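Hi everyone, thanks for making time.

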Amino acid sequence: MQREDISGWKVITGNQACAYAVCLARPDVVAAYPITPQTTILEELAKFSNQGLMPTEFITVEGENSAMGSCLGASISGGRTFTATSSNGLAFMYDGYVFAAGNRAPIVMALVMRDQVAPHCVASGQQDAIMVKDQGWIQIFAESCQEILDLIIMAYRLAEDKDVLLPVNICYEGFFLSYMTQNVHVPGFEEVDQFLSPLKDMDRMTWNLETPMGFSSYITGDLFMEYRYKHSAAFERSKERFEDINKAFADQFGRSYGGQIQEYKTEDADVLLIMMGASSGTAKPVIDAMREQGTKAGLIRIRMFRPFPKEKIAEAIHGKKAIGVIDKNVNCAWNSGHVYLEVQAVQGIYGTNIPMVGFIDGLAGGDINEEHIERAVDITVGLSQGKETKELIWLALE
Amino acid sequence: MKEIKLWGRGGQGAVIAAEMLAAALATDGKWVAAFPSFGPERRGAPVDAFIRFNDKPITTVSEIKAPDCLMVLDRVRAVSTPENPEIKPDGILIMNVAMDVEPINYQGISVLGRVDGTKIGMEEIGRDISNSVMLGAFAKTTGWIGVEPLLECLDEHFAGKLLKVNQQCLKRGFEETVVTRHQGDV
C-alpha cells in the first residue's frame with residue numbers, strides 16, 4: 001500500500017478535513033450515501049482511494065439504512081469503519097443507528113448537521129444530532145475544520161478502546177463548517193498510526209466463523225437491563241477516557257481544545273454563555289470585545305454532548321451570577337432549547353440555583369451573528385443584576 | 001482582519017472563486033476563513049460567498065453583512081446592486097459590468113473597480129463564467145494579493161485547456177479592470 005506523504009498545511013473545507021482524517025485512520029470499510037451537505041466527504045474519499053492512499057473497501061450502498069447495516073457487519077467482524085450523513089439521511093439510517101449502539105459497534109460517523117425538514121430546508125442546524133442524542137452513541141461537537149480532523153482521529157481511539165466500545169458521532173454544522181475553507185494542518189500516516197497504536201493491544205470480541213456465537217440475540221427483562229446498565233457504565237468511562245485522549249493528542253500534535261468542555265475566559269467571569277458547535281467561534285471575539293468594555297463574560301463550549309459532562313459543567317458554573325444558553329436547536333415540548341434543559345438538570349442535581357436565560361437562534365441556516373451574541377450577553381448580565389428576564393428568547397424573532 | 005463578500009449566481013464559480021482567493025491569501029501567510037451561503041443548489045440561484053483573512057487564526061463563522069470589499073461576479077446581480085451598497089465606510093466595490101455604460105455613482109465607497117467579466121469569460125471560455133476574471137479584478141482593485149499567488153491556485157482546480165483559459169481570464173481581469181478612486185462620497 002502506497003504511503004505517500006499527505007501531511008502539511010492545507011487550505012481545505014471541513015468536509016475535506018474530515019476525509020483526510022478518515023484516510024489517515026485507514027478504515028477497512030466505508031459505506032455511505034451522499035446527501036447535502038456531506039457529499040463532498042465521499043467525493044474526497046473516492047479521490048484518496050483512486051490515488052491508492054486508502055486500503056479501504058468502498059461499498060457504494062443504495063441508501064443510508066444499508067450504509068449503517070454494512071458498517072455494522074464490518075465493525076462487529078473486527079473492522080474499522082466510517083460513514084457519514086445528515087438530517088433525512090440519518091432518519092433513514094435510524095433503524096441501523098440504534099442497532100449499532102445496542103451492539104456496541106465502535107463505528108465512527110461524521111454527522112454533518114442539518115436542520116429538520118418540514119418546512120423544507122437543507123440548511124445548517126443541530127436538530128438531526130438532537131433527534132438521536134439518546135440512542136446510545138457518543139456525540140462530540142467541533143468548532144473548526146482543524147478540530148473536525150483532530151476529532152475524527154480521536155474518535156477512533158475512543159470508540160475502539162476496550163473500556164468504551166461505543167459508536168461515535170463527530171458532529172459539525174453543514175455549510176458553516178462543512179463548506180468552510182480554513183487553514184488546516186494535516187498530520188502524516190506515521191503520526192496517526194502512532195496515536196492509534198494503543199488500540200493494537202486491546203482485544204474485543206468479534207464475530208468470526210471459527211467460534212459459533214449468537215449476535216444481537218433476542219433478550220428480555222433482567223438480561224436486557226444488564227445490557228443497558230453496562231452501556232451506561234461505558235458512557236461513564238468514556239468521559240475520563242476522552243479527557244485522557246485529548247491530553248495525549250495535545251502532547252503529540254500540539255493542539256489542545258480542553259476536554260469534555262472548553263472553557264473560554266470563565267475563571268473570573270461574572271456571567272457565562274454556554275454554547276455548542278461552530279458559533280462558539282463567533283462568540284469568542286464578542287466576549288473579548290465586551291471584556292474590553294468592562295463586561296466580565298466567559299464562554300463554556302460543550303464538546304462532548306453525549307455523555308453529558310455534568311461534573312465539568314457543575315464545576316465551571318460554580319459561583320457565577322447568571323448563565324445564558326444559546327441553543328441552535330429547539331425542544332418545542334419544553335418551549336426551550338435542549339442544552340438549556342440539560343444545564344438546568346445539572347443545577348437540579350448539584351443543588352445550585354444560578355439564574356438562567358435560554359436563547360434559540362441559528363435554526364435552518366439562520367446566522368448566529370455578533371449582534372445576537374452581544375445581545376444575549378447583555379440580557380444575561382441584566383439577569384445577573386436582577387432585571388426581569390424572559391425564560392426563553394428567540395434572538396432572530398424578538 | 002479584512003472581510004470580503006462575493007455576489008454570484010449558481011454555476012458561475014463563486015464558491016470556487018472564494019476557495020481560490022482563500023488559498024492564495026493563505027500562501028501569502030494569512031489565516032483565512034471562507035464559506036458560501038445559498039438556498040436551492042441550482043444554476044442561476046443567488047450565491048453569496050464570504051472570505052475573512054487576518055494575521056492570526058479566525059474563529060468567527062458568521063455571515064458578513066458589511067464587508068471591506070464587495071465583489072459582484074454576476075451581471076444580473078450587478079444591475080440590482082443598490083447605489084449605497086451595504087459595505088464598510090470607504091469600502092471597495094468591484095463590479096462585473098459593461099464598460100460602454102456610464103458608471104453608477106455608488107455612495108459610501110472609496111474605490112470602484114469595473115471590468116466586463118461576462119465579455120472576457122465568453123471570449124476566453126465561451127461561457128458567462130467570470131470568476132477567474134474577477135479574481136484578477138480583485139488583485140488590481142484592492143492590491144491585497146498579487147496575481148502570481150492567484151495564478152498558482154488555479155492549478156488546484158483546473159488542468160489542461162481549462163487551466164490555460166482560466167489563466168488568461170485572470171490576467172485579462174487584472175489588466176482590463178478600470179479602478180477609480182472616490183473622494184468624499186459619504
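Let me start with a definition: a salt bridge here is a side-chain nitrogen of Lys or Arg within 4 Å of a carboxyl oxygen of Asp or Glu. Please keep in mind that this is a predicted model. With that in hand, look at A:Glu371 and B:Lys65, whose side chains form a salt bridge at 3.0 Å, N to O. Across the interface of chain B and chain A, the rule finds 1 salt bridge, along with 10 residue pairs in polar contact. On the side of chain B that touches chain A, helix H1 (14-27) and S2 are the elements that give two or more residues. The largest share, 7 residues, comes from S2 of chain B.

How much area do chain B and chain A bury between them? About 1800 Å², with 55% of it on carbon and sulfur atoms. In chain B, the residues losing the most area to chain A are B:Thr59, B:Val61 and B:Ser62, together 27% of what that side buries.

Now, the rings. Over all chains, the structure holds 15 aromatic pairs. One of them joins B:Phe35 and B:Phe50, with centres 5.1 Å apart and planes at 45°, so this pair is tilted. B:Phe35 is in strand S2 and B:Phe50 in strand S3 of chain B, so the pair ties together parts 15 residues apart in sequence. Both B:Phe35 and B:Phe50 are buried.

Over in chain A, ring pairs link A:Phe141, A:Phe305 and A:Phe308 into a cluster, and A:Arg306 lies over the face of A:Phe305, 4.4 Å from the ring centre.

Conventions:
Residues are numbered from 1 along each chain as its sequence is written. Chains are lettered from A and ligands numbered from 1 in the order in which they are written. This is a predicted model: local features need pLDDT of at least 70, side-chain atom pairs count only at pLDDT 80 or more; totals for chains, interfaces and linings use all residues. Side-chain values use heavy atoms; hydrogens and water are left out. Rings of Phe, Tyr and Trp (its six-membered ring) pair if their centres lie within 6.5 Å; planes under 30 degrees apart count as stacked, over 60 as edge-to-face and the rest as tilted. Helices (H or I, at least four residues) and strands (E, at least two) are DSSP runs, numbered from the N terminus. Buried means under 20% relative accessible area, exposed over 50%, partly exposed in between (1.4 Å probe, protein chains only). A charge sits over a ring if NZ of Lys or CZ of Arg is within 6 Å of the ring centre and within 35 degrees of the ring normal. Buried area is the accessible area (1.4 Å probe) that two parts lose on being put together, summed over both. A polar contact is a pair of N or O atoms within 3.5 Å; within protein, one must be able to donate a hydrogen and the other to accept it, and residues adjacent in sequence count only if both atoms are side-chain atoms.
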